[in-house]
Amino acid sequence: MQRKNLLKKLSLALLCAGLAGSAIAADVKLGVAAALTGPAAKYGIAIKNGFTLAADEINAKGGVNGNKLVLLVEDEQGKKEDAINVFKKLIFQDKVLLVFGPTLSNSAFAADPIANAAKVVAFGTSNTADGITAMGPFTFRNSVMEADVLPVTTRAAVKHFGLKKVAVIYGNDDAFTKSGYDVFKATLEKQKIAVTSTETYAKGDVDFKAQLTKIKGGNPDAIVCSCLAEEAANIMLQSRTLGMKQPFIGGNGLNSPKLFEISKKAGDDTVMGSPWSSENTAPANKAFMAAYKAKFGSDPDQFAAQAFDALHIVAAALKNVKLSNALDKDRIALRDALPAVKIDGATGKFAFRKAPAAGGKEVGYDAQQEAIVNIAKNGKFVLLK
């Protein structure tokens with residue numbers, strides 16, 4: 001009897017150990033570093049929502065190879081120092097398999113080197129500045145570079161409005177807006193569009209009347225605005241109070257409901273390039289938009305769509321990874337599986353392409369995706385036809 005009880009206890013212990021091992025294998029921890037507070041929260045909250053929706057959908061269908069995806073979300077406030085601290089926490093303390101984010105390119109330049117040194121994928125869903133993926137082979141992004149989008153956007157605006165000369169305004173202390181300006185400058189030169197004046201501002205500025213007065217004096221046909229949504233909206237409003245009627249041209253930083261919450265119809269006729277449009281009637285996008293509206297009670301934006309697609313990209317890669325519970329090996333295995341992924345998601349057909357060589361250093365992967373050009377009408381973006 002004693003021997004039988006001992007065998008029962010041993011069997012129970014082995015069963016419990018097996019179940020414990022299965023529980024560990026069943027949770028795939030993925031970090032999300034997003035700006036949930038501060039000025040960049042208009043992007044970060046949408047990003048968090050996009051990830052949440054995708055995780056719920058994937059897990060409802062049984063996860064990936066039977067494993068549940070668990071998101072560990074941290075607020076990096078759109079600040080470089082916070083992004084660094086959040087990356088360190090997620091990688092070294094929480095021991096996530098991968099880190100999504102951070103929200104802004106400025107923060108990515110500060111935090112991504114930490115992930116590369118630790119051999120952990122840093123996956124950007126909203127970083128479009130030049131040079132992001134040059135930081136190392138573990139940096140990926142599904143956000144389309146401004147260098148890919150802005151030339152298409154500018155060409156479409158020139159044709160639509162018959163532009164001959166433009167003025168430029170941009171934020172000179174932010175990696176995203178400065179990178180966008182650099183692309184716009186080169187694009188305008190290449191397309192032989194004259195620039196009447198170039199004005200700058202600093203992050204957090206709210207009064208742009210001095211810059212706009214100088215711009216008005218040059219009488220441009222349009223105003224190129226390499227800006228984030230809030231500053232752009234105020235620039236648009238203030239230009240109209242000065243009697244200026246020129247259309248605006250911008251990048252995906254304008255692709256936020258915040259632009260119209262502030263500018264109302266002052267932003268009408270703004271031309272903006274992006275990989276995503278609410279007017280894309282493809283089944284994947286229609287399903288995403290309906291599910292987002294049902295879950296969050298509001299319409300999604302580009303940043304929610306890119307986050308949603310990013311998790312599906314990682315899920316597709318994980319299907320080809322046999323997780324070993326040896327974290328260092330699994331992190332590298334996921335990194336090696338990502339470049340081959342191709343999906344047709346909310347933002348359309350997506351694939352990765354190797355980033356350009358950077359001084360002999362190993363580099364990561366950029367998004368290979370077509371740009372969609374939109375124009376603002378009655379307080380919302382519609383396809384430019």
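**Buried residues, ring pairs and cavities in a predicted model**

Gly124 counts as buried, with a relative accessibility of 3% (buried means under 20% relative accessible area, exposed over 50% and partly exposed in between, with a 1.4 Å probe and protein chains only). The structure is a predicted model, in which local features need pLDDT of at least 70 and side-chain atom pairs count only at pLDDT 80 or more, while totals for chains, interfaces and linings use all residues. Residues are numbered from 1 along each chain as its sequence is written, and side-chain values use heavy atoms, with hydrogens and water left out.

Gly124 belongs to strand S4 (strands, E, are DSSP runs of at least two residues and helices, H or I, of at least four, numbered from the N terminus). Once residues up to four places away in sequence are set aside, Gly124 touches Gly101, Phe140, Arg141, Asn142 and Ser143, where contact means heavy atoms within 4.5 Å. Gln238, by comparison, is 114 residues from Gly124 along the chain, and the C-alpha atoms of the two are separated by 33 Å.

Across the whole structure, 14 aromatic pairs are found (rings of Phe, Tyr and Trp, the last by its six-membered ring, pair if their centres lie within 6.5 Å; planes under 30 degrees apart count as stacked, over 60 as edge-to-face and the rest as tilted). One of them joins Phe100 and Phe123 in a tilted arrangement, at 5.3 Å centre to centre and 55° between the planes. This pair links distant parts of the chain, with Phe100 in strand S3 (residues 98-100) and Phe123 in strand S4 (residues 121-124), 23 residues apart. Phe100 is buried at a relative accessible area of 0%, and Phe123 likewise counts as buried at 0%. A further pair is formed by Phe288 and Phe308, which is tilted because the ring centres are 4.8 Å apart and the planes meet at 45°. Since Phe288 lies in helix H10 (residues 283-296) and Phe308 in helix H11 (residues 302-318), the pair ties together parts 20 residues apart in sequence. Phe288 and Phe308 are both buried.

Thr153 sits in helix H5 (residues 146-161) and is buried, at a relative accessible area of 0%. Its side chain reaches the backbone nitrogen of Gly273 at 3.4 Å. Beyond the neighbours within four places in sequence, Thr153 is in contact with Ile249, Gly250, Val271, Met272, Gly273 and Val373.

The largest has a volume of about 90 Å³, and its lining includes Tyr43, Ser126, Asn252 and Phe303. By class, this lining holds five nonpolar, five polar and one charged residues (Ala, Val, Leu, Ile, Met, Phe, Trp, Tyr, Cys and Pro count as nonpolar, Asp, Glu, Lys and Arg as charged, and the others, Gly among them, as polar). The second largest cavity holds about 50 Å³ of space. Its lining has two nonpolar, two polar and four charged residues. Asp174 and Leu228 are found in the linings of both cavities.

Definitions and conventions: Polar contact = N/O pair within 3.5 Å; in protein donor to acceptor, adjacent residues only side chain to side chain. 1 Å grid on protein atoms, 1.4 Å probe; cavity = no way out; pocket = protein on both sides within 12 Å on 5 of 7 lines; lining within 4 Å. Points joined across faces, edges and corners; volume = space filled by probe spheres on them.
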